[in-house]
Structure formats: structure tokens, C-alpha cells
Amino acid sequence: EGYNKFDSAEVFKSLDWIENNNSFLKICDDPSFINDIGWKGMRSCEGLLFPSTYSFEKGVQMEAVMKRMASQMNSVLNRYEDDIKKSGMDKYEVLKIASLIEKETGVREEQPLIGSVFMNRRRLGMKYQSDPTVIYGFLPDFEGRIRRRHLVTDHPWSTYTRYGLPVTPICFPGEGAIRGVLFPDTTDYLYFVSTKKGYHYFSRSLREHNAAVEHYQIKGLKDTPFNFR
């Protein structure tokens, strides 16, 4: 979970028992393959393959591996078909938001909280403002830390310069992240910032969020001194 197509391509390049194992990116962006897996019109298979553990015989074709991963993603989404309809979103929108959740936190129990922030922003018509979407637009060449010049550079994945969701998902999300979209925690949080301990501090107001950014990111403190509630 959380690997994007560039990460995945590197993984498959190391698996020499898969035939054409260096063709992942080419297949991923091939319109005929995207049509074959049931997502006609999408520009990439990014986000459409389910990340899991699979078993294949030696000599399997790269495309066969990818088709099985796509079939599994479709099976997972079909399991939540009624919930997706109730959400007012289509499957692709769910995968886009799930990919944001997957990239924003590596802590499974935080996913419904992160989901609540994005769904609250969506409801209020706010920008999603997710740093990983900015980074994605610079891949595969992005290195180092995100800078202000990255945040103000417009591209089809940036949720800082544009309202709405990125043009594609930004990684392959797992089921936990998908559930974080469909069953987010009930909160009024609108912001979050990393505490640099693997978790995030969640805020209801920009004032509280700015204080948390200064506390955790600028000063590098570890305690939680806020009492804005």
C-alpha cells in the first residue's frame, strides 16, 4: 500500500522470474490495457491495481500479473458498491481520495481520521491541499524536501493550485484507505500536521493548525500543549 507506479516498476524490475518485468510503466500507461481492466478513458493504471501478496508461477507475463491485481481491485470496490453509491462519489473519486489517505499516513488507525479531514474539506468546498499530490507531479525526478516553489507550481495533480482532486490517484491504495473514504470518523477537523512521531495532530481551525505547525515542525517539540477546544 502506498507505492505509486514508479515505485512498483522498480519492484518488478528486481523480479527476474517475471517475463517482461521491465515493462510495468509501459503497460500501466497503455490505453488498451487500461480498457482491458475496465477503466476505459483513464490516463494511467495508477491507483487501479490492488496492493497485496500474490502467488504466480515462474515465467508469468508482466501483463498477467497486472491484470490479476486489477481484478482484485475491482473485487474490493464491488464489495463496497452500495457504500460508494451512498457517498455520492464514483469509484475513481474514491480511489483518488484513498490514495491521498494512503500517502498521508502510515498508521492504519489514523486513516479514518485523515479521511474525515478530506471529506470535511470536500463538503465545505475547500482545496484538499495534500503535499503528496504536489510531489507526484514532479515524479520520478523529485528528490529531497517539498519547498514553496513546489507548492506554487501548477500541474494536474496539485491540490494546492487547483480545487478538486488530482487527475489520477497518486498511489495504489489498500482497503483500509478505501474504508477511510467511505467510513471516515465523525469529526470537524480540517487540518493535520505530522508530530514527527509517526502520528498527526488534528485541528479544527487554521489558528490551531498554525500553532501546531510551529510547535512540531518549526520548533521540533514533542509534547502536546494545545488546549483550543
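## The nonpolar core

The largest nonpolar core has 52 residues. Such a core is a set of buried Ala, Val, Leu, Ile, Met, Phe, Trp, Tyr and Cys residues joined through side-chain atoms within 4.5 Å. Buried means under 20% relative accessible area, with a 1.4 Å probe and protein chains only. Phe 24, Leu 49, Met 66, Ile 97 and Ile 178 have the most contacts inside this core.

Several helices, among them α1 (5–13), α6 (91–104) and α10 (175–182), each supply at least two of its residues. Helices here are DSSP runs (H or I, at least four residues), numbered from the N terminus. Helix α4 gives the most, with 8 residues.

This is a predicted model: local features need pLDDT of at least 70, side-chain atom pairs count only at pLDDT 80 or more, and totals for chains, interfaces and linings use all residues. Residues are numbered from 1 along each chain as its sequence is written, and side-chain values use heavy atoms, without hydrogens and water.

## The disulfide

The whole structure holds 1 disulfide, a pair of cysteine sulfur atoms within 2.5 Å. Cys 28 and Cys 45 form it, with their sulfurs 2.2 Å apart. The pair links distant parts of the chain, 17 residues apart: Cys 28 lies in helix α2, Cys 45 in the loop between α3 and α4. The S-S torsion is about -105°, so the disulfide is left-handed. Both Cys 28 and Cys 45 are buried.

Cys 171 is in no disulfide. Its nearest cysteine sulfur belongs to Cys 45, 12 Å away. Cys 171 counts as buried because its relative accessibility is 0%.

Methods:
Buried < 20%, exposed > 50% of the residue type's maximum accessible area, 1.4 Å probe, protein only.
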